[in-house]
Amino acid sequence: MRFPLYASVLTLAILAAGCTSHVTNQQQYSGFLGDYSELKATESPSGKPTLRWISPDYHDADYKGVVYTPVVYYPAAHPTARIDQQTLDAIRSYTDTQLKHAISQRKPLVTQKGPHTLVVKTAITAVSAENEGVQFYEVVPIAAVVASTMAATGHRTQNSALFLEMEAVDAQTGKPLIKVVRKAFGKNLPNNSAPITLNDLRPGIDEMVRDALTFPAQ
């Protein structure tokens, strides 16, 4: 079976215990999607293990346009010692611009809900830094952005990561049709106090967009 763009934009992976996790686990779900119970593991075009759900009632050819909802932080993001408000705004803006462009390459964007229309909603649910080679997390489910709260002795570098959740619903009925969750890795950080920047996270965001542009339609 082939899957459409919207199921490919966000992906996540899981590695064996004891290694850095590439996935959003159940404790890290933000609540943005409501129901996560039907998410299944698959793979993105770039080879990243992915969690997503596609309704059996969804048929890509039935939908001719997309109402695009700007990317938000969910829950609301607040600056920390490692990430200031300007950086938060830049990360959200860049993610929004790139994602909107990717979707527009696959289906026309429209401003009005109507027949044969999808509504796509996306949230950044966390920005994190986590120590390499361990199975613990710095992401707190109720906090959209977290600094380094895990002071593990001897770790000189950390992974930067961006967590996203995405949903496509039928514009007329409001019925969920596609759900995807992704943890995208950016550049390594030199230590557990280094600021997190857009430049650090950009590779992960760009990889998601490339997946969106290359994923085959259903």
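**Figure 1. Contacts across the sequence in the predicted model of the protein chain.** Residues 24 or more positions apart account for 77% of the contacts with a separation of 6 or more. The chain contains 2 helices and 8 strands, and their order along the sequence is β-β-β-β-α-β-β-β-β-α. Of the 218 residues, 51% are buried. The chain exposes about 9900 Å², of which carbon and sulfur atoms supply 54%.

Figure 2. In soluble globular proteins, nonpolar side chains tend to be buried together.

**Figure 3. The surroundings of Leu162.** Residues up to four places away in sequence are not counted in this view. Among the residues that Leu162 touches are Ile91, Ile124, Ala126 and Val127, together with Leu201, Ile205 and Met208.

**Figure 4. Thr117 in strand S6 (residues 117–131).** Thr117 counts as buried because its relative accessibility is 6%, under the 20% limit. Its side chain reaches the backbone oxygen of Gly114 at 3.2 Å. Not counting residues up to four places away in sequence, Thr117 touches Tyr63, Gly65, Val66, Val67, Val110, Gln112, Val169, Asp170 and Ala171.

**Figure 5. The salt bridge between Lys107 and Asp60.** Side chains of opposite charge can pair when their charged atoms come close. The structure holds 4 salt bridges, and in this one the N to O distance is 3.4 Å. Lys107 lies in the loop between H1 and strand S5 (109–110), and Asp60 in the loop between strand S2 (49–54) and S3, so the pair ties together parts that are 47 residues apart in sequence. Lys107 is buried at 11% relative accessibility, and Asp60 is buried at 12%.

**Figure 6. The salt bridge between Arg182 and Glu207.** Their side chains meet at 2.5 Å, N to O. Because Arg182 lies in strand S8 and Glu207 in helix H2, the pair ties together parts that are 25 residues apart in sequence. Arg182 is buried, with a relative accessibility of 2%, and Glu207 is buried at 14%.

Conventions:
Residues numbered from 1 in each chain as written. Predicted model: local features only at pLDDT ≥ 70, side-chain atom pairs only at ≥ 80, totals over all residues. Heavy atoms only, no water. Helix = DSSP H or I, 4+ residues; strand = E, 2+ residues; numbered from the N terminus. Buried < 20%, exposed > 50% of the residue type's maximum accessible area, 1.4 Å probe, protein only. Polar contact = N/O pair within 3.5 Å; in protein donor to acceptor, adjacent residues only side chain to side chain. Contact = heavy atoms within 4.5 Å. Areas by Shrake-Rupley, 256 points an atom, 1.4 Å probe, with all protein chains shown as cover.
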